[in-house]
Amino acid sequence: MASLITCPHCGVRPKEEFAVRGDASRGRPEPMDSDETWHDYVYVRVNPRGRTFEHWHHVAGCRRFLVVERDTATHEVYSVVDAAEFARRVER
Amino acid sequence: MVRDYNNRHALEQKLRSAPRPAAADHLMVGHWRAMATVLARAGQAEAVRQSIASVPELSLRFSGPGEWLVVSEVEAPSGLVRRLEELCDGGAYVVDQSDGRVVFRLTGPNVRSILAKGIGLDVHPATFSLGGSANVLCGHIPVNLARTDEDTFELIVPRSYAESLFDDLMRMGRAFDLTAAFSD
C-alpha cells in the first residue's frame with residue numbers, strides 16, 4: 001500500500017494517519033432504487049488491479065476526507081484531492 | 001451527599017517526585033493553560049484567521065482547513081472564549097478546551113532527534129518553520145505539534161492521553177537524559 005500520502009491540507013504524511021473507506025467512484029443509489037442496486041452498493045466490492053479512486057480519511061491530521069488516486073499493483077500515488085473538491089469536479 | 005471535586009492535573013501522579021534540575025533537554029508540562037477550538041463558518045476562514053492572528057498574545061495552531069486551536073498564556077478559559085467570540089463576530093464556532101487538553105513543551109538542542117522517534121513528520125528547521133503547527137501522530141497518539149521557538153516544540157494532547165504520551169516522551173528522550181517538571 002502506498003506509504004506516503006501528500007495531503008492537500010497537511011503535506012506529506014505517513015499512511016498510518018489515514019483510514020481507507022473504499023471506492024470513491026461509485027455514487028450512492030437513490031432511496032427508492034431496486035433492492036438489487038442497493039445490495040450491490042452495500043455488499044459487492046470490485047477488487048481492481050491498476051488505477052483506482054479511493055476515499056481516505058485523514059483521521060490523525062486535518063480530519064478531512066480525501067480522494068486518493070493510486071495504483072493497487074505498483075502502489076504509486078497519482079493525485080490526492082479533498083473529497084469536496086473531487087465531488088465538485090465530478091458534478092461539472 | 002456532598003462531594004468535594006478537586007481540580008486535579010492529569011499528570012499529578014506522574015510528576016510527584018521532587019524535581020531534578022532541568023537538563024539541556026527538558027520537558028515542561030503546562031499547569032493550566034487556556035485554549036479553545038475555533039471552527040470558521042463556510043467562507044469565513046480567512047477573515048477569522050486574520051482577526052485572531054492580529055492579537056499577539058493568542059497563538060493559532062492549525063488543526064484543519066478553517067479550524068484552529070487557539071492557545072493563550074494570559075487569559076482565563078472563560079475570558080478566552082468571550083474574547084474569541086468578540087473577535088470572530090459570529091464568523092466561527094468557539095469551544096473551550098482548557099480542561100480537556102494538556103500542553104507539553106519540549107525544549108533543548110536534541111529536541112528534533114527526540115521527536116523523530118515518534119513523529120512521522122519532517123521537523124527540520126527549513127521545513128517546519130517557526131510558528132508552524134500540525135496535527136500528527138506521536139506513536140499512536142494524535143497530538144497537535146507546534147514550533148514555538150528555535151528549539152522548542154509544544155505538543156497538545158487530549159487529557160486522557162496525557163499520561164501515556166508523557167511515558168512515551170520520557171522513553172523517547174531517555175538517550176538524551178530528558179528531564180520533566182511542571183512549568184509553573
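The points below take up the conventions, the domains, the cores, the chain contact and a few local features.

1. This is a predicted model, in which local features need pLDDT of at least 70 and side-chain atom pairs count only at pLDDT 80 or more, while totals for chains, interfaces and linings use all residues. Residues are numbered from 1 along each chain as its sequence is written, and chains are lettered from A and ligands numbered from 1 in the order in which they are written.

2. Chain B is divided into domain 1 (26–31 + 100–182) and domain 2 (34–96), with bounds that come from an automatic or database domain assignment. The centres of these two domains of chain B, taken over C-alpha atoms, are separated by 23 Å. Seven residues of domain 1 of chain B are in contact with five residues of domain 2 of chain B, where contact means that C-beta atoms, placed from the backbone, lie within 7 Å. On the side of domain 1 that touches domain 2, the elements giving two or more residues are strand S7 (133–138) and strand S8 (141–149) of chain B, and S7(B) gives the most, with three residues. Strands here (E, at least two residues) and helices (H or I, at least four) are DSSP runs, numbered from the N terminus.

3. Which residues touch the most other members of the largest nonpolar core? Of its 50 residues, they are B:Val38, B:Val70, B:Phe104, B:Val136 and B:Leu155. Such a core is a set of buried Ala, Val, Leu, Ile, Met, Phe, Trp, Tyr and Cys residues joined through C-beta atoms within 7 Å. Both domain 1 and domain 2 of chain B give residues to this core, so it lies between them. Leaving aside residues up to four places away in sequence, B:Val70 touches B:Met35, B:Ala36, B:Val38, B:Ile52, B:Leu58, B:Ser59, B:Leu60 and B:Leu84. A second, separate core of eight residues includes A:Ile5, A:Leu66, A:Val67 and A:Val68.

4. In helix H4 (residues 162–172) of chain B, the buried residues are B:Ala162, B:Leu165, B:Phe166, B:Leu169 and B:Met172. A residue is buried if 20 or more other C-beta atoms lie within 10 Å of its own, exposed if 12 or fewer, and partly exposed in between, the C-beta atoms being placed from the backbone.

5. Between the chains, eight residues of chain B are in contact with eleven residues of chain A. S7(B) gives the most to the side of chain B that touches chain A, with four residues.

6. In chain A, strand S1 (residues 4–7) and strand S2 (residues 11–14) run antiparallel and are joined by four bridges, and a hairpin of three residues connects S1(A) to S2(A). The bridge partner of A:Ile5 in S2(A) is A:Arg13.

7. A:Arg63, in the loop between strand S4 (51–57) and strand S5 (65–71) of chain A, has a positive phi near 60°, and A:Arg63 counts as partly exposed, with 15 C-beta neighbours inside 10 Å. A:His75, in the loop between S5 and strand S6 (77–82) of chain A, has a positive phi near 65° and is exposed, with 11 other C-beta atoms within 10 Å.

Definitions and conventions
Two strands pair if DSSP finds at least two bridges between them. Two residues are in contact if their C-beta atoms, placed from the backbone, lie within 7 Å.
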